[in-house]
Amino acid sequence: ISTLILGEHEGGFLKPSTLSAVSAASSFGKDNSISILLGGSGSDLQKAALHAASTHPVISQVLVADANILMHPLAEPWADLVHLLQKKGAYSYIISASSSFGKNVLPRAAAILDVSPITDVIEISEPYLFVRPIYAGNALCTVRYTGLEPCMVTIRSTSFPPPSIPTAVESSAAPISQVDLSTFYKETGGKSRWLKLTSQETDRPDLGNARIIVTGGRGLKSAENFKLLDKLAEKLGAAVGATRAAVDANFVPNDLQVGQTGKIVAPELYMAFGVSGAIQHLAGMRDSKVIVAVNKDPDAPIFQVADYGLVADLFEAIPELIEKLPEKK
Amino acid sequence: MKVVVAVKRVVDYAVKVRVKPDKSGVETSNVKMSMNPFCEIALEEALRIRENGGASEVVAVSIGPTQCTETLRTALAMGADRAVHVDVGPITVYPLSVAKILRAIVEAEKPGLLILGKQAIDDDCNQTGQMVAGLLKWPQGTFASKVILNKEEQIATVEREVDSGLETICLDLPAIITTDLRLNQPRYATLPNIMKAKSKVIKKLTVEELNVELKSDFEVCQVTEPPVRKAGTIVSTVDELIDKLKNEAHVL
């Protein structure tokens, strides 16, 4: 068996979510040959390829697709690239993280290959048996893939921790090969163009990998008040999250949203302030190890999933926490 | 230019779903059903494009059992000009089949835009729009939070909600757009429009008429309840909270 992983890289390194995909791919079987596909251009791509090749012994091969059209995560060239590689490599599985990139590209590629993708997988019980949440996580659905190869899957990185690196790393780095792009992207070329990415500069950890997350809801009342939460996050070395209500009210940008349609997180500690606990929000954080809720309303549904609840005015509780919490190194 | 919008009938977003005791699925009988919220946003966007002169006609399509006509009535009451119901009877059709049916509809209707919700709140698949785009080889703008149509140049500029912020891309028409939550605020159907919608036409089609072969390459084995979190403790002060986090949960 063989697996192709659609890799994502940033600043010359594989993203942690891609390592989660490597973890998931490892559960397809011991004799699984795992290839990571990386696309883009320039020195960052080459550096990421070196990183991928030496990051873990289960990775058998790194495929590098060097083309300007792959610099940005446009679905059209990426899906065509997957199609091209499947024709050459006849992989048993094609897998990616359930990131905005994976969600955009993998189903398109699956349709071109005439197979049903299985998205947002949280558990691989057997090689073709997958568990995925439905109804915002209020039910779990077990599905069996019965179709032709490739079996195409996106995985939730919170459910597949990156593989641990073996202590004695003696194995040599995996081979890196360049993908022949001479026959690539003639038909769909140019129908979509990437213009720009607007993202917030922040020195906070990324929501997806943070050990601690502090989240604000409608109860924060304003963008100004979110700065209070920022201070607490700084003290804890935490990432800041938000509910849909807080994003809709323009307190914070969209990429902070945690929930069914936002980010799915599972930190060690999740602290929710002024969050009522709508099922759509719970869907995004219910797998956190320890959940703390601070809310004025003792009947807020968030208390039903919280390990520790504090019924209090958050404008008093947050400053007190900032004052009393130990300093993080 | 014509805009086609796909709308799905799902369990209403406010219903607390219950898993059936035999684990075959989620209880859907005697449960309030509504148009998928993301589909409402898709329809609203199509209506706004028409009202701004960007399109001449909005066609709503729904694929599913007989009761989908209720969802299409809602679409007509909101302002869609026409509706098409692809009646598949009581069977469940999965995203790849839905995408193939939509491709057949698009080939017949020849719209400049096909707009869909980014996901349905029942199966949370988030696949269909991308799959129709792949089948048609049309460009796709998924998870859209802003759409600007340029009729003269036949392009759409789409702002997308992505993991790291907001991405802007430009698509040549015809194209496919899937909608995120913040694209617009869908309108309510007014009573006069609900009355008017009763006389609008819902065209019925079958998969045989569309010449689409339904194949299934996966099966649902079981649907279960998620693990329940055990009830927690209510603490009374910030000091007690910090103490518990340090000495009981060991997360600080």
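# Close-ups of a predicted two-chain model

**Figure 1. Where chain A meets chain B.** The contact draws on 72 residues of chain A and 62 residues of chain B, where two residues are in contact if their C-beta atoms, placed from the backbone, lie within 7 Å. Helix α4(A) supplies the largest share of chain A's side, with 9 residues. Sorted by class, the side of chain A that touches chain B holds 36 nonpolar, 19 polar and 17 charged residues. Here Ala, Val, Leu, Ile, Met, Phe, Trp, Tyr, Cys and Pro count as nonpolar, Asp, Glu, Lys and Arg as charged, and the others, Gly among them, as polar. A housekeeping note: this is a predicted model, in which local features need pLDDT of at least 70 and side-chain atom pairs count only at pLDDT 80 or more, while totals for chains, interfaces and linings use all residues. Residues are numbered from 1 along each chain as its sequence is written, and chains are lettered from A and ligands numbered from 1 in the order in which they are written.

**Figure 2. Helix α4 of chain A, residues 100-112.** Helices (H or I, at least four residues) and strands (E, at least two) are DSSP runs, numbered from the N terminus. At 1.5 Å a residue, the 13 residues of α4(A) should span 18 Å, and the end C-alpha atoms are 19 Å apart, which agrees; the expected span is 1.5 Å times one less than the number of residues. Since 12 of the 13 residues are buried, α4(A) is largely enclosed by the rest of the structure. Buried means that 20 or more other C-beta atoms lie within 10 Å of a residue's own, exposed means 12 or fewer, and partly exposed is in between, with C-beta atoms placed from the backbone. Among the buried residues are A:Phe101, A:Lys103, A:Leu106 and A:Arg108. After the helix comes A:Asp114, with a positive phi near 60 degrees.

Figure 3. Chain A has 8 helices and 18 strands. Its radius of gyration is 21 Å, close to the 20 Å that the globule rule gives for 329 residues, so chain A is as compact as a globular protein of that length. For the record, that radius is taken over C-alpha atoms, and the rule is 2.2 Å times the number of residues to the power 0.38. Along the principal axes, the C-alpha atoms fill a box of roughly 60 × 50 × 40 Å, and 55% of the 329 residues count as buried. Of the contacts in chain A between residues at least 6 apart in sequence, 68% join residues at least 24 apart. The domain assignment gives domain 1 (2-178) and domain 2 (212-324), with bounds that come from an automatic or database domain assignment. The C-alpha centres of these two domains of chain A lie 31 Å apart. Contact between them involves 5 residues of domain 1 and 9 residues of domain 2; the domain 1 side divides into 1 nonpolar, 3 polar and 1 charged.

Figure 4. B:Pro65 sits in the loop between β4 (57-64) and α2 of chain B. With 15 C-beta neighbours inside 10 Å, B:Pro65 counts as partly exposed. Leaving aside neighbours within four places in sequence, B:Pro65 is in contact with B:Gly89 and B:Pro90. B:Thr92, 27 residues away in sequence, is 8.7 Å from B:Pro65, C-alpha to C-alpha. In helix α2(B) (residues 68-78), 8 of the 11 residues are buried, so this helix is largely enclosed by the rest of the structure; B:Cys68, B:Leu72 and B:Met78 are among the buried ones. Next comes B:Gly79, with a positive phi near 140 degrees.

**Figure 5. Two cis peptide bonds, one ending at A:Pro150 and one at B:Pro174.** The bond from A:Glu149 to A:Pro150 is cis, with omega near 0 degrees, and A:Pro150 lies in the loop between β10 (139-145) and β11 (151-155) of chain A. In chain B, the bond from B:Leu173 to B:Pro174 is cis, with omega near 0 degrees. B:Pro174 is in the loop between β9 (165-172) and β10 (175-179) of chain B.

**Figure 6. Positive phi at A:Lys221 and B:Asp124.** A:Lys221 is not a glycine, although its phi is positive at about 70 degrees. This residue lies between β14 (212-216) and α5 (223-236) of chain A, in the loop, and is partly exposed, with 16 other C-beta atoms within 10 Å. B:Asp124 has a positive phi near 50 degrees and belongs to the loop between β6 (113-117) and α4 (128-136) of chain B. With 20 other C-beta atoms within 10 Å, B:Asp124 is buried.
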